[in-house]
Amino acid sequence: MRMPQRSGRIPVVDVKPVVDDGDRPAKSVVDEEFEITATVFREGHHAVNATAVLTDPAGREHHRPMTRVNAGLDAWAVTVSADRPGRWSYRVEGWSDPYGTWHHDAVIKVGAQVDTELMLEEGARVLQRAVAEVDRTAEQAATLRDAIDRLRDTRSAPEVRLGAGLTHAVQDELAARPLRDFVSAGPERPWLVERDRALYGAWYEIFPRSEGAHVDETTGRWVSGTMRTAADRLTAIAGMGFDVVYLTPVHPIGRINRKGRNNALRATDQDPGSPYGIGSAEGGHDTLHPDLGTFADFDAFVARARELGLEVALDLALNCAPDHPWVSAHPEWFTTRADGSIAYAENPPKKYQDIYPLDFDNDPDALYAEIRRIVQVWIDHGVTIFRVDNPHTKPLAFWDRLIDDVATDHPEIIWLAEAFTRPPMMHNLARIGFQQSYTYYTWRHTKAELEEYCTELAGPAAAYMRPNFWPTTHDILTPFLQRSGPAGWKMRAALAATLVPSYGIYTGYELIENVARPGAEEQIDNEKYEYKHRRWDQPSLAPYLTRINEIRRAHPALHWLRNLRFHSADDDNILVFSKARRIYDRDDVVIVVANLEPSQTRDTWIHLTMHDLGLGPHDGFVAHDLITGQHWNWSAHNFVRLGPETEPVHIVHVQPH
């Protein structure tokens, strides 16, 4: 039995990027550059060439010539980008290059005076085909017709005639509109192009109930903040340069098994409970907590955020308190234990007695329909981003269905996965549609750890997974930050903001809230279980965060991930990396040098790979420190000094002489 033919006349193999063998789309945002690569070859000695064909959402094809980057391995590459969002695709076409074949052979044979007239006539005929078979303007065709006439002009010397077929004008014309034989297409790969916020943005997290919360002087009891008082905080958040304000859950909180301060199993009547224990007699996920106000107040918050240039992200936590309306109305949506009780959430050794996890297998379609409905409620009220709590504890198939369904009518919606979990689950959440993911950055501290991890993220994984770096969260306060002073908190924020395009700050970071609950890696008096009244009039890191965000906005190189390049330093506690991006007719190049143990002053030599900066090996440049405003003359090898008496991080703009 004859097997079906799997390769074209010109083999095209190993096309990248590819996600799940082409079943899932590679991702980029508008104008984000990435490289398409392939192996293209043919038998014998005929010249071969390759073209990347990009198909836009309207079905129009855009041809991009590829370059052979390794002749010995038949490796081809081209850098591409998309000028609009939507569902694109790309493929690589391999083809036999008759002009390239003639060019190679004619130079050798005419130079050796072998078959001279035959080679010149064959060149003329190749160009005749190029005029007849490929669409060109009259002016473009005239370039080739002139070469044809001169190739056949026997009054001129052979080398002159040959030269007429090899001019830059002829080669440029055939590079732009080539004559292609035996065109063979590789597989069509899906490509999803999204809006810029899917890759780049600075997030700021708040608990709305804490914004404006205060103790009533008469009763001595806490009074909750509201969406209106939370809106008063937006001016400061936008003023620091953040792009997204992220709200923890804003729904009614259960009273049964409500947690008290510092995760106490018993709550007092003054404890507001964890906003992740969602649902009570007042309503569930489609309801605003009565203490926060009405939907009119929520809409006013969103409107004010938009006035200030902020998008609103909402925590989608598919958790239910024991008194959530779903528990009585749909007990089949939960797991019932042998004793008839409903199982509460656990993540050993942690126990969440105030939360019932959903069971997605008992009645999946009805549960899906209800969750899809509540998501739409918040979209209709202006939420454009969902930060999803623990998505790795729900089926991938559910998220696949939900994200795809929402994108049909609302392609602008962005999903951030809070999935501190094993790499296969984290990566597959990204593959099935989450635009961004929390990462292990919080626990990566050494130079080797950061270089290895960020190289992984900026490599092939960047085709589908986009990291969002957070130095702390409302759940996480690492030992490093517990023992660090301002220099350490500056350093971790600066690295998060420059290593990757998206990063986030949990409110209170400015105040260096570094006291942990004993035996736990989270803040004492955690805001999950109580109101927080912060004094914003005291000295803080707000000016530093503002400057970091100003730098990010001013330097488009920091808006991308795949352009991350590491450099070397003699001291293993000094991290050096750069990002470069071409903007119209100029290069934007930023170098970051960070002291990873900023409580100690460290001086050392750093060594830059000048090619990654767009410079020659012996070039010099002006290094403008964007934090301090200082200027230095730098070259490939430079001495640096970083520590508590100066700054823990240099963020340097490269200014060529």
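Angles between elements here run from 0 to 180 degrees between N-to-C directions, with axes fitted to C-alpha atoms. With that in hand, here is a set of close-up views of this predicted model.

**View 1**
Helix 16, residues 542-554, lies across strand 11 (201-206) and strand 24. Relative to strand 24, helix 16 runs at about 165°. Both strands belong to a barrel that eight strands close, in the order 11-14-15-20-21-22-23-24, with parallel pairing. From one strand to the next, the twist averages 30°.

**View 1. Strand 21 is mostly covered.**
How many of the residues of strand 21 (residues 414-418) are buried? Five of its five are. Take a look at both faces: I414, L416 and E418 sit on one side, W415 and A417 on the other, and all are buried. Strand 20 (residues 385-389) pairs with strand 21 in the parallel sense, and five bridges are found between them. Across this pairing, V388 stands opposite A417.

**View 2. Two tryptophans meet edge-to-face.**
The structure holds 30 aromatic pairs. In the pair shown here, the ring centres of W326 and W333 are 5.4 Å apart and the ring planes stand at 85°; planes over 60 degrees apart count as edge-to-face, so this pair falls in that class. W326 has a relative accessibility of 6% and therefore counts as buried. W333 is buried as well, its relative accessible area being 3%.

**View 3. Y438 and W470 stack.**
Stacked or edge-to-face: which describes the rings of Y438 and W470? Their centres lie 5.5 Å apart and their planes meet at 15°, so the pair is stacked. This pair links distant parts of the chain, as the two residues are 32 residues apart. Y438 belongs to strand 22 (residues 436-438), while W470 is in the loop between strand 23 (467-469) and helix 14 (479-483). Both Y438 and W470 are buried. They are also members of a cluster in which ring pairs link W203, Y246, F420, Y438, W443 and W470.

**View 4. Two arginines sit over aromatic rings.**
R233 lies over the face of W536, 3.7 Å from the ring centre. In the other example, it is Y441 whose ring has a charged end over it: that of R492, at 4.0 Å from the ring centre.

D297 has its place in helix 8, residues 295-307. Is D297 buried or exposed? Its relative accessibility is 14%, and because buried means under 20%, D297 counts as buried. A polar atom of the D297 side chain lies 2.8 Å from the backbone nitrogen of T294. Leaving aside residues up to four places away in sequence, D297 touches M227, R228 and L292.

**View 5. Strand 29 is enclosed, with a partner strand in each of two pairings.**
Strand 29 (residues 621-625) is largely enclosed by the rest of the structure, because five of its five residues are buried. F621, A623 and D625 point one way from the strand, V622 and H624 the other way, and all are buried. One partner is strand 30 (residues 631-634), which runs antiparallel to strand 29 and is joined to it by four bridges. In strand 30, W634 is the bridge partner of F621. The hairpin of strands 29 and 30 has five residues between the strands, and G629 takes a positive phi near 85° there. Strand 32 (residues 649-656) is also antiparallel to strand 29, with five bridges joining the two. In this pairing, H653 of strand 32 is the bridge partner of H624.

**View 6. The whole chain, for orientation.**
The protein chain comes to 16 helices and 32 strands. Its C-alpha atoms fill a box of roughly 110 × 65 × 45 Å along the principal axes. Of its 657 residues, 56% count as buried. Among contacts with a separation of 6 or more, 74% come from residues 24 or more positions apart.

Conventions
Residues numbered from 1 in each chain as written. Predicted model: local features only at pLDDT ≥ 70, side-chain atom pairs only at ≥ 80, totals over all residues. Heavy atoms only, no water. Phe/Tyr/Trp six-rings, centres within 6.5 Å; stacked < 30°, edge-to-face > 60°. Buried < 20%, exposed > 50% of the residue type's maximum accessible area, 1.4 Å probe, protein only. Lys NZ or Arg CZ within 6 Å of the ring centre and 35° of its normal. Polar contact = N/O pair within 3.5 Å; in protein donor to acceptor, adjacent residues only side chain to side chain. Contact = heavy atoms within 4.5 Å. Pairing = 2+ DSSP bridges.
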